[in-house]
Amino acid sequence: MTIFAAFITPHSQDQPLMSTSLLDHHVAAATKARSISPTPIEPPDLESCFGERTFGPVEMRKRLPKQVFNSMMAALEKGAAWDSSVADIVAQAMKEWALEHGATHFAHWFQPLTGGTAAKHDSLLNPADAGKVVTKLSGGDLMQGEPDASSFPSGGLRATHEARGYTAWDPTSPPFLVKNRNGCFLAIPTAFVSWTGEVLDHKTPLLRSIDALDQEARRALRYFGTDAVRVFSTVGTEQEYFLIDEEFYFRRPDLINCGRTLVGAKPPKGQQLDDHYFGDIEERMLAFMLAVEKELYLLGIPAKTRHNEVAPGQYEVAPVFEDSNRATDHQQLIMRTLKRKAREYGLVCLLHEKPFAGINGSGKHNNWSVSTDTGVNLLDPGPTPHANIRFMFFCTAVIRSVFKHQDLLRIAVASAANDHRLGANEAPPAIMSVFLGEQLVDIYKQLEHGPASSSKRGSKMFLGVTGLPTLPKHAGDRNRTSPFAFTGNKFEFRAVGSSQSVSFPNVVLNVTMAESLDEMTTALEAALNGRDHTDEAVLEEAVTKVVRDVMKEARSILFEGDNYAETWHKEAEKRGLLNLRTSVEALEKMTDQKNIDLFDRYDVLSEREFRARQEVWLEQYEMNIDIEAETIDSMARTLIMPAACAYVKELTIPVSGFPTEGITDTKNEVMGHINMLREAVVKLGSAMDFHGGDALANARHRADVVIPAMAAVRECCDALEKVVPANLWPLPTYRDMLFVH
């Protein structure tokens with residue numbers, strides 16, 4: 001018996017589709033929720049437990065010779081080339097540490113183009129003489145693995161019969177332990193490439209983009225007197241997610257197959273009262289969050305914030321800033337931990353961008369900045385940003401990046417799932433724009449006419465009560481509708497989807513920033529024209545000219561208003577900004593020559609590697625829509641129509657002495673919906689029967705034909721949900737899933 005069959009009672013003429021009434025079901029679910037009480041966890045000692053399951057600086061200092069430790073730290077903190085001759089020493093120390101924690105296996109942990117993670121586990125056990133065994137992890141085992149490269153998405157870089165691929169240890173991201181009650185293994189973060197050397201993963205282009213950013217940023221910083229051995233991007237990601245009872249999950253084929261509900265009528269109560277946002281966290285959910293956070297602390301992930309999000313059943317966890325490579329690895333571990341820990345509490349964590357129609361979707365706000373190895377945040381304006389010419393130079397480079405590469409930012413968040421979210425219920429639209437805030441907008445306006453001479457300052461806010469503190473007030477407000485907003489000392493890219501790897505969005509930010517810094521530094525050198533850049537007045541004059549010239553071209557990307565408003569869409573069109581509403585429209589532009597040239601020029605992805613990604617993402621779009629279409633077709637035919645027909649049968653049985661007019665009208669209403677559903681299902685079947693030949697044509701057909709056909713089926717199903725009795729309806733409703741915990 002399948003899991004689904006275990007929860008659904010087969011229908012017969014003598015038996016309703018559900019064996020319990022709605023009330024009984026709610027009582028049973030609530031009782032089950034109260035009864036789930038995993039073994040209480042000990043509150044963590046935050047300072048001592050943090051990073052306990054990582055082979056990071058603390059463990060390396062204990063276990064490695066000083067010279068080897070220094071080499072490792074140079075690679076970890078400065079991006080220096082690592083001395084592979086000491087690999088055996090590092091591997092031996094890592095093995096001993098892992099064995100002490102109960103590890104029996106090691107695995108090269110990598111991030112293929114599936115968007116998730118993968119690993120092949122190898123035992124630490126090795127045969128020895130006389131039938132005995134020893135434990136061993138060699139330097140070669142640590143540095144290189146060989147998984148099958150033909151079974152992962154490659155976009156044509158690998159044929160089915162060409163299987164060899166390599167994983168290569170990334171020493172800048174600490175190895176970690178994955179534990180459960182039965183054992184433990186050592187996970188080693190790695191890059192993943194083909195036998196031909198072509199990139200098959202998300203980590204390698206991210207590392208390359210960081211190198212490109214480093215090179216161009218240090219070139220610019222020479223003119224500002226800022227010493228830096230290494231410049232890198234930093235990221236802090238706000239992860240939104242939903243939690244529902246696992247019983248509801250297993251009774252919804254659409255959630256199992258697709259991660260989102262394909263049918264479901266709008267409940268009377270959704271998020272309109274705004275009572276869930278930052279509200280009290282229910283005890284069961286808080287217990288789950290505490291367990292998640294403890295696991296994250298042990299893995300060295302600095303989880304900082306937790307709260308209820310706007311939609312019922314929606315929550316958020318956010319770590320503090322880290323370098324973008326480790327932050328990307330940690331983001332994968334956060335998603336894994338959320339999903340795994342939820343099951344221990346009888347819950348399922350939904351990471352889909354739009355699991356429920358009509359309420360907030362889930363994003364992953366990507367807070368991005370640029371820092372030096374000495375701890376200088378290059379996007380921190382300080383108290384007088386108008387006088388901080390280094391900040392103005394770097395901030396202008398970001399603005400230029402977004403203006404020049406609106407298409408790439410939209411491509412970076414393209415997916416069938418995210419299309420449901422962008423522009424709906426608290427998510428930014430697909431139009432890329434930059435919000436700066438009053439203070440910076442005022443400075444740029446000053447620069448249009450000459451040097452900037454002042455910065456708007458924050459003030460003090462008295463709340464009218466003597467006993468309450470006087471609050472410092474920022475110089476400008478925030479804008480939660482903007483897809484790319486300056487938020488004080490970083491830019492928040494709000495369009496990233498909740499289930500996405502944050503790797504490619506940050507690759508795009510890094511490489512476009514590298515290009516902007518490259519071109520602006522060249523322009524700065526021309527403006528200086530051989531003059532002494534150490535003369536503050538000379539440098540300020542030259543920087544002001546460069547900034548002013550860039551902003552003359554890029555100012556149309558700035559927008560301070562409501563990005564949800566229809567007036568902005570019309571205004572954006574007048575400005576000539578792109579509005580790539582669907583992922584197919586965005587991905588079609590991916591291989592424009594300017595994009596190919598950009599990634600090739602900074603050695604991030606070759607043209608062949610870049611085109612392969614377009615192929616992979618178009619195919620993934622097509623396959624996701626096909627899975628959804630087949631699922632809703634099956635649900636309509638085998639669950640919803642039988643339930644509606646059972647209700648018609650009940651309405652057909654005469655009741656002695658009872659007026660029949662209302663019953664007949666109701667029966668006719670239900671039969672009308674059934675007939676419309678049948679017609680919609682037939683049309684969906686015809687829409688699904690299409691094979692255009694290439695990936696773009698197939699994806700375009702799914703966007704233009706299949707998705708509207710699915711929407712028509714859903715409309716009919718949702719109409720039936722509103723009239724079929726609850727005891728006959730075969731699926732948990734939105735009211736059940738969002739409010740019964």
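Select His-386, Ile-389, Met-392, Leu-447, Ala-452, Glu-540, Val-543, Thr-544 and Val-547, which line the largest cavity. Two elements, H13 and helix H18 (536-554), each give two or more residues to this lining. The model is a predicted one.

Colour the selection by element next. H18 makes the greatest contribution to the lining of the largest cavity, at four residues. In total, the structure has five cavities of 30 Å³ or more.

Now move to Asn-377. This residue sits in the loop that runs between strand S14 (364-372) and helix H13 (389-404). Is Asn-377 buried or exposed? Asn-377 has a relative accessible area of 19%, and the cut-off for buried is under 20%, so Asn-377 counts as buried.

Show the side chain of Asn-377 and the residues around it. Setting aside neighbours within four places in sequence, select Ser-369, Val-370, Ser-371 and Asn-489, with which Asn-377 is in contact.

Which side chain makes a polar contact with the side chain of Asn-377? It is the side chain of Ser-369, at 2.6 Å. For a further distance label, pick the backbone oxygen of Asn-489, which the side chain of Asn-377 reaches at 2.9 Å.

Definitions and conventions
Residues are numbered from 1 along each chain as its sequence is written. This is a predicted model: local features need pLDDT of at least 70, side-chain atom pairs count only at pLDDT 80 or more; totals for chains, interfaces and linings use all residues. Side-chain values use heavy atoms; hydrogens and water are left out. Buried means under 20% relative accessible area, exposed over 50%, partly exposed in between (1.4 Å probe, protein chains only). A polar contact is a pair of N or O atoms within 3.5 Å; within protein, one must be able to donate a hydrogen and the other to accept it, and residues adjacent in sequence count only if both atoms are side-chain atoms. Contact means heavy atoms within 4.5 Å. On a 1 Å grid over the protein atoms alone, a cavity is a set of points where a 1.4 Å probe fits but cannot get out, and a pocket is an open set with protein on both sides within 12 Å along at least five of seven lines; lining residues have an atom within 4 Å of a point. Grid points are joined across faces, edges and corners, and a volume is the space filled by probe spheres set on the points.
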